[in-house]
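Hi,

Here is the structure I promised to pass on. My notes on it follow below.

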Amino acid sequence: MKALLLKDVYVIWKQMRLFLLVVLVMCVVNTTFNSIFLIVWCSMLPYTAMAYDDRSHWSQMAAMMPYSKKDIVLSKYVLGWLCMGAMGLISLVMQAVVGGFSGGGAGRSLVLVSLCLGAVTLAVTLPAILRFGVERGRMLFMLVIFGVAIGAGILLDTSDLHISLPLPLEVLAPLAAVAATAVSIPLSMKLYRVD
Amino acid sequence: MNAIELSHIHKSFGSFAIQDLSLTVPGGTICGLVGENGAGKSTTIRLLMNALRPDSGSARVLGVDAASPEFREVKEDVGVVLDEAYFPETLTAVQVGKVMAATYRRWEQKTYDGFLDRFELPRKKQFKDFSRGMKMKLAIAAALSHQSRLLVLDEATSGLDPIVRDEVLEIFNEFTREEDHSILISSHILSDLEKICDYIAFLHQGRLLFCDEKDQLLETYGLFAGTAEQAESLRPEAVIGRESSGFGGIRALVRRSEVPAGLELERASVEDIILFMVKGAKK
């Protein structure tokens with residue numbers, strides 16, 4: 001799996017440099033929406049790598065190499081998690097630097113919820129994209145990412161909303177992320193096919 | 001030990017099917033896989049490497065069933081170059097080397113660097129800016145740098161200029177000097193195959209028409225060139241295929257054993273044999 005992650009990092013690195021610049025600007029203009037959007041957006045980076053893979057028919061080559069199907073599928077999840085984790089860290093550091101939150105508790109909780117939303121987004125979209133390819137799966141992805149980011153942003157930004165949740169969001173979000181991922185990975189394994 | 005054993009493989013794609021494909025490549029030999037576009041060469045390679053599951057039949061590579069979990073280990077020993085699948089386009093040759101080093105346990109960086117120098121491949125240029133020939137050279141360099149015992153090459157010499165092609169063929173020949181090293185190579189350049197192969201396998205519309213030793217093929221068939229009347233006097237079972245050579249003349253591929261002993265025949269090349277067989281099959 002290390003080889004596949006290394007390949008993906010090389011592939012997306014050029015785009016990540018531009019992305020990091022956007023991140024820095026957005027983090028300075030600190031809003032709840034920005035934090036959530038940036039982290040959830042990071043869950044899209046595996047799809048950038050997959051778009052390059054599709055173009056070069058990499059999956060056909062990978063099928064000839066000593067990678068297991070499990071390695072190929074899991075590497076996409078791991079890449080998404082790593083990118084989101086890095087973004088979460090950057091987000092926390094930037095918020096601390098620009099004094100975007102006091103005491104740190106609220107910021108950490110926002111990042112945690114955002115990471116979970118990103119993991120859910122990845123879990124929902126990846127099986128379809130592994131099956132149909134990035135081109136055909138992109139529309140689904142865009143719908144999900146905007147739906148999740150805007151919905152969550154509204155939910156967290158509007159202090160007037162008093163929605164009664166059975167558990168605190170900081171507990172509910174990780175549970176949802178774990179549950180979605182637990183369903184998503186076996187589904188992806190089943191749906192993945194070489195083009 | 002046989003390097004490759006395909007046994008009664010069937011694989012259907014609706015309008016096209018690989019039918020009852022049985023093919024054996026003995027260890028230490030080079031087998032050329034020949035066929036028209038769409039004959040099933042690339043599909044055969046994918047079936048062989050378990051990238052496609054057959055509807056029925058079995059494939060064994062280096063003694064291991066391709067459908068078994070142990071086959072992943074065997075892939076460490078197989079170097080593959082594909083015709084239309086490449087490394088992602090933003091990668092450089094150096095990055096390809098690093099990815100391959102993390103992929104293959106027996107990766108030899110020195111060997112890889114040696115091939116990059118030998119093929120004069122730029123180390124920092126992105127793969128998308130490579131010519132087709134350079135892409136094939138990079139894929140060959142990677143396939144030869146992890147102590148493979150079997151090379152599976154799909155149109156690996158296409159896009160290379162004649163001088164480099166000759167050099168690459170010599171590298172393939174060197175590779176099989178180790179007695180347990182084998183190659184399965186598909187190519188449209190039949191003269192290349194004639195130069196290096198011990199066996200020639202001919203696929204036509206998803207069926208294997210023959211897999212024979214090259215020398216035996218060349219001994220079995222000859223080229224008849226004569227008048228139409230002379231051609232008519234040949235026994236029908238002697239003639240594999242025929243064509244008009246202009247000015248009323250006829251050229252025909254014939255079985256040497258089926259024509260009169262005194263009849264003078266030209267030497268048939270592998271290309272002649274394949275072309276006449278395709279024409280014969282179409283009739």
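Buried area, as I use it here, is the accessible area (1.4 Å probe) that two parts lose on being put together, summed over both. The size of an interface is often given this way, as accessible area lost when the parts come together.

Before the findings, some housekeeping. This is a predicted model, so local features need pLDDT of at least 70 and side-chain atom pairs count only at pLDDT 80 or more, while totals for chains, interfaces and linings use all residues. Residues are numbered from 1 along each chain as its sequence is written, chains are lettered from A and ligands numbered from 1 in the order in which they are written, and side-chain values use heavy atoms, with hydrogens and water left out.

**The interface**

Chain A and chain B bury about 2300 Å² between them, and carbon and sulfur atoms give 66% of that. On the chain A side, Tyr10(A), Met64(A) and Pro66(A) lose the most area to chain B, together 33% of what that side buries. Counting contacts (heavy atoms within 4.5 Å), 23 residues of chain A touch 25 residues of chain B.

There are also six residue pairs in polar contact between the two chains, both residues at pLDDT 80 or more. A polar contact here is a pair of N or O atoms within 3.5 Å; within protein, one must be able to donate a hydrogen and the other to accept it, and residues adjacent in sequence count only if both atoms are side-chain atoms. Which elements of chain A give two or more residues to this side? They are helix H1 (2-28), helix H3 (45-56) and helix H4 (58-62), with helices (H or I, at least four residues) and strands (E, at least two) taken as DSSP runs numbered from the N terminus. H1(A) has the largest share, six residues. By type, the chain A side divides into 13 nonpolar, four polar and six charged residues.

Two salt bridges cross the interface of chain A and chain B, where a salt bridge is a side-chain nitrogen of Lys or Arg within 4 Å of a carboxyl oxygen of Asp or Glu. Asp71(A) and Arg72(B) meet in a salt bridge, at 2.9 Å from N to O.

**Salt bridges elsewhere**

Over all chains, a search of the whole structure gives 23 salt bridges.

- Asp8(A) and Lys7(A) form a salt bridge, with the closest N and O atoms 2.6 Å apart. Asp8(A) has a relative accessible area of 0% and Lys7(A) has 1%, so both count as buried (buried is under 20% relative accessible area, exposed over 50%, partly exposed in between; 1.4 Å probe, protein chains only). Lys7(A) and Asp8(A) also belong to a salt-bridge network with Asp53(A) and Lys76(A).
- Arg105(B) and Glu76(B) meet at 3.8 Å, N to O, in a salt bridge. The pair links distant parts of the chain, 29 residues apart: Arg105(B) is in the loop between helix H3 (93-103) and helix H4 (109-118) of chain B, and Glu76(B) is in the loop between helix H2 (71-74) and strand S6 (78-81) of chain B. Arg105(B) is exposed at 55%, whereas Glu76(B) is buried at 4%.
- Asp83(B) and Arg132(B) form a salt bridge at 2.7 Å, N to O. Asp83(B) is buried at 18%, while Arg132(B) is partly exposed at 32%.

**Folds of the two chains**

Chain A has seven helices and zero strands. Of its 195 residues, 49% count as buried. Among contacts in chain A between residues at least 6 apart in sequence, 83% join residues at least 24 apart.

In chain B, four strands make an open antiparallel sheet in the order S12-S13-S11-S14, with two strands counted as paired if DSSP finds at least two bridges between them. The edge strands are S12 (239-246) and S14 (266-267) of chain B, each pairing on one side only. S12(B) pairs with S13 (residues 249-255) of chain B over six antiparallel bridges, and Gly246(B) stands opposite Gly249(B).

Elsewhere in chain B, S4(B) and S5(B) form a hairpin with two residues between them, and Leu62(B) in the turn has a positive phi of about 50°.

Cheers

Key: Nonpolar A, V, L, I, M, F, W, Y, C, P; charged D, E, K, R; others polar.
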